[in-house]
Amino acid sequence: MRTSRCVRATVMVTSLAMSLSACGGSGSAATDDGTLKITANITDRSAMKTVVAAFERENQQVKIAVTYADTDQLQSTLPAQLSSGAAPDVFTVWPGYGNPAAVRTLESAGRLADLSGLEFARSVPEDTKWVTRVGDATYAVPANYSGIGAIYSKKAMRDIGGTTPETWDELLQLCDKAKAGGKVLFALGIETPWVTQLADYALAATTVYAGHPKFATEMGDGRATFADSGWREALEKYVELDERDCFSSDPLGTSYETSIQDVAEGRAVGVIQVASSTSAITATAPELQLDMFAVPASNNAAQTHMPGAVSAAYGVNSDSDNKELAMKFAEFLGSDTGQNLYNQDSGTLPAIPNDRFTADPVLKELVAHQKAGTTVPFMDQLWPNPQVQQEHFIQIQKLFSGRTDIDGVLAALDEAYQEG
């Protein structure tokens, strides 16, 4: 890894004391006048604004205040807000146990309202129920199905004379073409901690799960580890991409927002991101035509897998003073209308499918992998405790700053996993 990149220390997760209302949005998370308070991930701003506008049109006496925050801030502040009674009525939650704001983590603390009586709960697909349920009860509305892959500008790809790579060697050659054309292939903004995970998730889908589909189960049974698995190869390839100048010149000094701007303004061909980031790019550059490909991690194109799973989901505060309205909003979000509005311009698919939705052409690769059965859940959704993901953020930043090596990363991840 280039030593010039060892210039920034690990960016610490936002303080618990920071107020989510400071992150902007259409209102404050602290209003107490009967307003429905919603907190959503900043990557889902466009989708949530569309749904809220439609809900307000149908319920014209309702007032809604939406606050947006990034992943790190949500995961660090929501649990504290819920325990102190200062939380919003409806808020972003994550599947599984993988972080402090995950469904099963919050439900175990009694923070989520039971949504089993709402109509949407009867329509959740079988393979998605694990995202929404604990036991037989439903605690979250799944909002979208997303993927992690390389989102790129078609114009920038043409400018460098490139084509979509199908193998690892072709990906490296595309990096060289981008560099020769005065660009980087991928903007990488790992100053923002949650972004650290995306590139190796995209690689691990193939290096781990293509030949080892039961890997998560075997880890849970103690029969597999990070250190003795395809995670090592995924990290090696992550580092190789960096050393090949495939990424931004200073990833640790580049934020998520800057990485999006770099694609929008043509300094980078693309970015390895969740599919919903297409809306963030087009919000900045509406004229750009985007596409997406699964990141190859081997020289056998048939082996390529893609992370694909329910990405955004929402819970209702069990102690909400406005629970009736919160439940009504949850029902709307889970309806065909709500699902389609949430996903119409967001580069994602409805988590509860219906025949009225037309997928964005950008998602054709994700749809193809979903149909072929070559998607794997986002890796943190399968981890037993929030510490693994948080350790992953820290270790990747340390890796890029030269303060650890791949052995150190893998050992730290195994230790965090065993704590669960």
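User: How do the residues of the lining of the largest cavity divide into nonpolar, polar and charged?

Analyst: The lining of the largest cavity has eleven nonpolar, ten polar and two charged residues, where Ala, Val, Leu, Ile, Met, Phe, Trp, Tyr, Cys and Pro count as nonpolar, Asp, Glu, Lys and Arg as charged, and the others, Gly among them, as polar. Please keep in mind that this is a predicted model, in which local features need pLDDT of at least 70 and side-chain atom pairs count only at pLDDT 80 or more, while totals for chains, interfaces and linings use all residues. Residues are numbered from 1 along each chain as its sequence is written, and side-chain values use heavy atoms, with hydrogens and water left out.

User: What makes a space a cavity rather than a pocket, and how many cavities of 30 Å³ or more does the search find?

Analyst: On a 1 Å grid over the protein atoms alone, a cavity is a set of points where a 1.4 Å probe fits but cannot get out, whereas a pocket is an open set with protein on both sides within 12 Å along at least five of seven lines; a lining residue has an atom within 4 Å of a point. Grid points are joined across faces, edges and corners, and a volume is the space filled by probe spheres set on the points. The search of the whole structure finds two cavities of 30 Å³ or more. The largest cavity holds about 300 Å³ of space, and of the 23 residues that line it, Thr71, Trp94, Val274, Ser311 and Phe378 are the closest to its centre. The second largest cavity has a volume of about 30 Å³, and its lining is eight nonpolar residues with no polar and no charged ones; among them are Met219, Trp383 and Tyr417.

User: Which residues lie nearest the centre of the largest pocket, and which strand gives the most to its lining?

Analyst: The largest pocket contains about 420 Å³ of space, and of its 20 lining residues Asp127, Thr128, Tyr145, Val310 and Gln370 lie nearest its centre. Strand β11 gives the most to this lining, with three residues, where a strand is a DSSP run of E with at least two residues and a helix a run of H or I with at least four, both numbered from the N terminus. By class, the pocket lining has 13 nonpolar, six polar and one charged residues.

User: Why is the pair of Tyr201 and Trp383 called edge-to-face?

Analyst: Rings of Phe, Tyr and Trp (its six-membered ring) pair if their centres lie within 6.5 Å, and planes under 30 degrees apart count as stacked, over 60 as edge-to-face and the rest as tilted. The search finds 15 aromatic pairs in the whole structure. In Tyr201 and Trp383 the ring centres are 6.1 Å apart and the planes stand at 85°, so the pair is edge-to-face.

User: What makes Phe226 and Tyr417 an edge-to-face pair?

Analyst: Their ring centres are 6.2 Å apart and their planes at 75°, so this pair is edge-to-face. Phe226 lies in the loop between α8 and α9 and Tyr417 in helix α16, so the pair ties together parts that are 191 residues apart in sequence. Phe226 and Tyr417 are both buried, and ring pairs link Tyr201, Phe226, Trp231, Trp383 and Tyr417 into a cluster.

User: Why does Asp245 count as buried?

Analyst: Asp245 has 18% relative accessibility, so it counts as buried. Asp245 is found in the loop between α9 and α10, and although it is not a glycine, it has a positive phi of about 65°.

User: How many bridges join strand β1 to β2, and what makes two strands pair?

Analyst: Two strands pair if DSSP finds at least two bridges between them. Strands β1 and β2 run parallel and are joined by six bridges, with Ala40 opposite Tyr68 in β2. Strand β1 is also joined to β3, in parallel, by two bridges, while β3 and β12 pair in the antiparallel sense over four bridges. Strand β2 is mostly covered, since six of its six residues are buried.

Key. Buried < 20%, exposed > 50% of the residue type's maximum accessible area, 1.4 Å probe, protein only.
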